[in-house]
Amino acid sequence: LLLPKAVCGRTEVKQPIPTQCSPPHAAYFSLVPTSPPSPPLSSLAELAALVLSTPDPSTKSRLSHLAFSRWLRLRLPVGAAPPPLRPARPPNPPLVSPKEVPTHKNSGLPLNAYMLHNLAHVELNAIDLAWDTVARFAPLRDVLGDEFFADFARVADDESRHFAWCSQRLAELGFSYGDMPAHNLLWRECEKSSGDVSARLAVIPLVQEARGLDAGPRLVQKLIGFGDHRSSDIVAKIAEEEVAHVAVGVYWFAQVCQKMGRIPCHTFKDLLDEYGVELKGPFNYSARDEAGIPRDWYDGTSRRQFESELSKVHERLACIVAMEKENSSLNG
Ligand SMILES: [Fe+2]
């Protein structure tokens with residue numbers, strides 16, 4: 001299997017965030033006034049369970065980074081620790097059904113803060129989604145190998161940085177995460193796929209995170225239109241880093257399918273049917289291509305286009321054969 005380009009760079013040190021967007025990662029974590037507890041734990045799965053059990057969003061985000069650093073520095077084993085059924089959450093924001101989430105107009109927040117709040121919610125969930133994947137599937141370590149867990153721990157670290165950027169920018173605008181209700185949709189998809197690693201990879205990185213690739217440029221343009229270039233820079237940087245997360249999902253989904261002796265494209269579609277997950281465009285083809293998701297996995301039109309082009313070729317061939325027959329009967 002060829003490693004997608006974005007995945008190949010997964011062991012490299014992350015680029016620092018441009019200074020106009022936010023302070024560098026390490027600086028953010030060293031400047032926070034109240035330090036989260038230093039993780040005393042001895043395996044990656046235990047660290048994952050600790051992050052999942054932490055309700056305060058800022059502490060969760062900092063702990064996520066510390067857990068990743070500790071695992072990297074001490075070369076801890078994957079180990080085992082049962083993750084909580086659901087990640088711990090703060091009292092605010094209240095989690096409501098998607099229909100009850102306020103629209104921008106009745107949220108009481110300006111458009112830039114409203115959009116950053118929504119994104120902060122996605123990033124906070126993404127921290128838990130990545131750590132849940134580590135802890136939930138740790139018993140499969142012998143089959144999946146250490147690299148699977150290394151990749152998702154690194155994703156969790158990226159997500160903690162994304163949440164920190166969003167909440168820092170919200171604070172600069174005079175708001176904070178929890179200022180408006182948020183939906184409970186993201187965790188439902190995670191729960192559904194808790195018993196099957198191939199379903200988890202299909203539903204989370206290949207659908208949910210890929211939707212983030214589709215939405216990224218629209219968010220950036222809206223923030224530019226609103227005149228908030230600092231927020232648009234942050235969102236653009238986050239969108240750029242999400243490509244590698246989808247690439248990690250594609251790579252591991254293909255690996256798991258190979259181990260199961262199944263065809264990735266068909267398996268992906270079967271899993272979406274089984275788990276009732278719908279794919280909706282418009283798709284950001286260039287970002288999805290960069291992440292390595294083959295178009296025929298998600299875009300029904302490309303399959304239909306292929307079939308219609310194929311039937312045109314068949315028609316032309318049938319026409320040529322008929323003409324040849326006619327010519328030979330005339331010559332004969
Ligand atoms: Fe993210």
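## Overall organisation

Two residues are taken to be in contact if their C-beta atoms, placed from the backbone, lie within 7 Å. Among contacts in the protein chain between residues at least 6 apart in sequence, 81% join residues at least 24 apart. The structure is a predicted model, in which local features need pLDDT of at least 70 and side-chain atom pairs count only at pLDDT 80 or more, while totals for chains, interfaces and linings use all residues. Residues are numbered from 1 along each chain as its sequence is written.

The protein chain has 14 helices and two strands; these are DSSP runs numbered from the N terminus, with helices (H or I) of at least four residues and strands (E) of at least two. Of the 332 residues of the protein chain, 43% count as buried. A residue is buried if 20 or more other C-beta atoms lie within 10 Å of its own, exposed if 12 or fewer, and partly exposed in between, with C-beta atoms placed from the backbone.

## The nonpolar core

In soluble globular proteins, nonpolar side chains tend to be buried together. A nonpolar core is here a set of buried Ala, Val, Leu, Ile, Met, Phe, Trp, Tyr and Cys residues joined through C-beta atoms within 7 Å. The largest such core has 84 residues, and those with the most contacts inside it are A48, V134, L206 and F253. Helix α10 supplies the largest share of this core, 16 residues.

When neighbours within four places in sequence are left aside, F253 is in contact with S198, L201, A202, L206, P264 and F268. C257 is found in helix α10 and counts as buried, with 20 C-beta neighbours inside 10 Å. With the neighbours within four places again left aside, C257 is in contact with S198, R262, I263, P264 and T267. C257 and S198 are 59 residues apart in sequence, yet their C-alpha atoms are 7.5 Å apart in space.

## Packing of α9 and α11

Two packed helices are described by the angle between their axes and the distance between the axes. Helix α9 (residues 197-226) and helix α11 (residues 264-274) pack at an angle of about 85°, with their axes 10 Å apart. The axes are lines fitted to C-alpha atoms, for helices over the stretch in contact, and angles run from 0 to 180 degrees between N-to-C directions. The two helices α9 and α11 are therefore roughly perpendicular to each other (angles of 65 to 115 degrees; under 35 is roughly parallel, over 145 roughly antiparallel, and the rest oblique).

In this contact, α9 contributes S198, A199, A202 and L206, and α11 contributes T267, F268, L271 and L272. By class, the contact of α9 with α11 has six nonpolar, two polar and no charged residues. For this count, Ala, Val, Leu, Ile, Met, Phe, Trp, Tyr, Cys and Pro are nonpolar, Asp, Glu, Lys and Arg are charged, and the others, Gly among them, are polar.

## The two sides of α11

The buried residues of α11 are P264, F268 and L271. Seen down the axis of α11, these buried residues fall within an arc of 70°, so they line one face of the helix; the arc is that of the directions from the helix axis to the C-beta atoms. They pack against α9, α10 (229-260) and α13 (295-298). On the other side of α11, H266, D273 and E274 are exposed.

## Helices α3 and α5

Helix α3 (residues 44-52) is mostly covered, with eight of its nine residues buried. These are L44, A45, L47, A48, A49, L50, V51 and L52. The buried residues of α3 pack against α4, α5 and α7 (146-172).

N118 is placed in helix α5 (residues 111-136). N118 is buried, with 20 other C-beta atoms within 10 Å. N118 and A182 are 64 residues apart in sequence and 7.4 Å apart in space, C-alpha to C-alpha.

## Backbone features in loops

Most residues other than glycine have a negative phi, and most peptide bonds are trans. A cis peptide bond joins N92 and P93, with omega about 5°; P93 is found in the loop between α4 (57-74) and β1 (95-96). R75 lies in the loop between α4 and β1, and its phi is near 50°, a positive value in a residue other than glycine. R75 counts as exposed, with 7 C-beta neighbours inside 10 Å.

A cis peptide bond also joins G281 and P282, with omega about 0°. P282 lies in the loop between α11 and α12 (285-291). Just after α11, G276 takes a positive phi of about 60°.
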